[in-house]
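Trainee: Hi! Could you walk me through this one? I'm still learning how to read a structure.

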Amino acid sequence: MSRAYRVSVSESLNRIVHAEDGVCSKLELLPLLSREETAGLLAAELAARGFTQEGDVAVRTEADGVRVAVDVTTGDVSVTLSDKSSVDLVATGEVRTENPRETEAIRTLAREKARAKLEDQAQDATDELRQDITRRLEGRLRDLKAELDSISNKVTAEALKVRASQLGTVEEIHEDAATGSLTIKVRV
């Protein structure tokens with residue numbers, strides 16, 4: 001009768017996991033002016049709202065880590081959030097054998113099982129962080145959507161004013177901040 005031996009190996013893993021999520025959209029800007037003129041108006045409005053210009057892209061990073069990037073020439077908007085977390089994981093791998101002379105090979109097999117468990121746990125931690133980032137980003141998107149709509153409306157209104165002055169003499173401008181309506185009287 002042979003005896004069964006159990007070989008147990010414990011492994012630990014310290015890792016920093018990274019996750020990122022984002023969404024892309026486009027500002028709805030009417031083609032009232034040339035692309036360059038519209039880009040200038042958009043860049044000026046974004047600068048007034050705390051964005052910094054990096055080439056053709058205006059960027060602002062919020063206090064909570066949300067990064068908003070707007071390409072002023074195309075109106076493409078990118079909103080991203082990334083985070084990292086340190087995880088300390090421990091896993092045990094067990095293998096049974098009937099031959100005590102194979103203990104080194106069995107230990108290697110048990111170590112591989114423990115490491116596979118650690119990688120699964122690390123992947124779970126990354127997925128959990130990604131889900132947390134997605135929830136946080138979704139919460140911020142509502143506020144950002146309202147701000148981006150306001151920027152789009154402001155740039156469109158300014159473009160209308162510039163276009164009206166190109167068509168003739170602007171005699172009267174009425175803006176209603178509550179409704180967002182704009183009336184421009186032009187003598188052609």
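Mentor: Happy to; we'll start with the whole chain and then visit a few residues. Keep in mind that this is a predicted model.

Trainee: Okay, how many helices and strands does the chain have?

Mentor: The chain has two helices and seven strands. Reading from the N terminus, their order is β-α-β-β-β-β-α-β-β.

Trainee: And what are the overall dimensions along the principal axes?

Mentor: The C-alpha trace spans about 110 × 30 × 25 Å.

Trainee: What share of the residues is buried?

Mentor: Buried residues are 30% of the 188 in the chain. As for the surface, the chain exposes about 12,100 Å², and 48% of that comes from carbon and sulfur atoms.

Trainee: What about charges, how many positive and negative side chains are there?

Mentor: There are 27 positive and 35 negative side chains, and the centres of those two sets lie 5 Å apart.

Trainee: Let's go inside. Which residues have the most contacts in the largest nonpolar core?

Mentor: Those are L42, L46, V68 and V70, in a core of 30 residues. At least two core residues come from each of β1 (5-26), α1 (35-48), β4 (67-71), β5 (76-97) and α2 (103-167). The largest share, ten residues, is supplied by α2.

Trainee: Why does A58 count as buried?

Mentor: Because its relative accessibility is 1%, and buried means under 20%. Beyond four places in sequence, A58 touches L46, F51, T52, Q53, V68, A69, V70 and V72. Two of the names there, L46 and V68, also came up among the core residues with the most contacts.

Trainee: Switching topic: is I133 buried or exposed?

Mentor: I133 is in helix α2, and it counts as buried because its relative accessibility is 0%. Apart from neighbours within four places in sequence, I133 is in contact with A19, E20, D21, L81, S82 and D83.

Trainee: How far is I133 from G22, C-alpha to C-alpha?

Mentor: The separation is 9.2 Å, although I133 and G22 are 111 residues apart along the chain. Across the chain, residues 24 or more positions apart make up 65% of the contacts with a separation of 6 or more.

Trainee: Last one, H174. Where does H174 lie?

Mentor: H174 lies in strand β6, residues 169-176. At 45% relative accessibility, H174 counts as partly exposed. Leaving aside neighbours within four places, its contacts are S181, L182 and T183. Its C-alpha atom is 6.5 Å from that of I184, and H174 and I184 are ten residues apart along the chain.

Trainee: Thanks, I'll go and find those residues in the viewer!

How values were computed:
Residues are numbered from 1 along each chain as its sequence is written. This is a predicted model: local features need pLDDT of at least 70, side-chain atom pairs count only at pLDDT 80 or more; totals for chains, interfaces and linings use all residues. Side-chain values use heavy atoms; hydrogens and water are left out. Helices (H or I, at least four residues) and strands (E, at least two) are DSSP runs, numbered from the N terminus. Buried means under 20% relative accessible area, exposed over 50%, partly exposed in between (1.4 Å probe, protein chains only). Contact means heavy atoms within 4.5 Å. Accessible areas come from the Shrake-Rupley method with a 1.4 Å probe; for residues, only the protein chains shown count as cover. Lys and Arg count as positive and Asp and Glu as negative; His and the chain ends are not counted. The place of a charge is taken as NZ of Lys, CZ of Arg, CG of Asp or CD of Glu. A nonpolar core is a set of buried Ala, Val, Leu, Ile, Met, Phe, Trp, Tyr and Cys residues joined through side-chain atoms within 4.5 Å.
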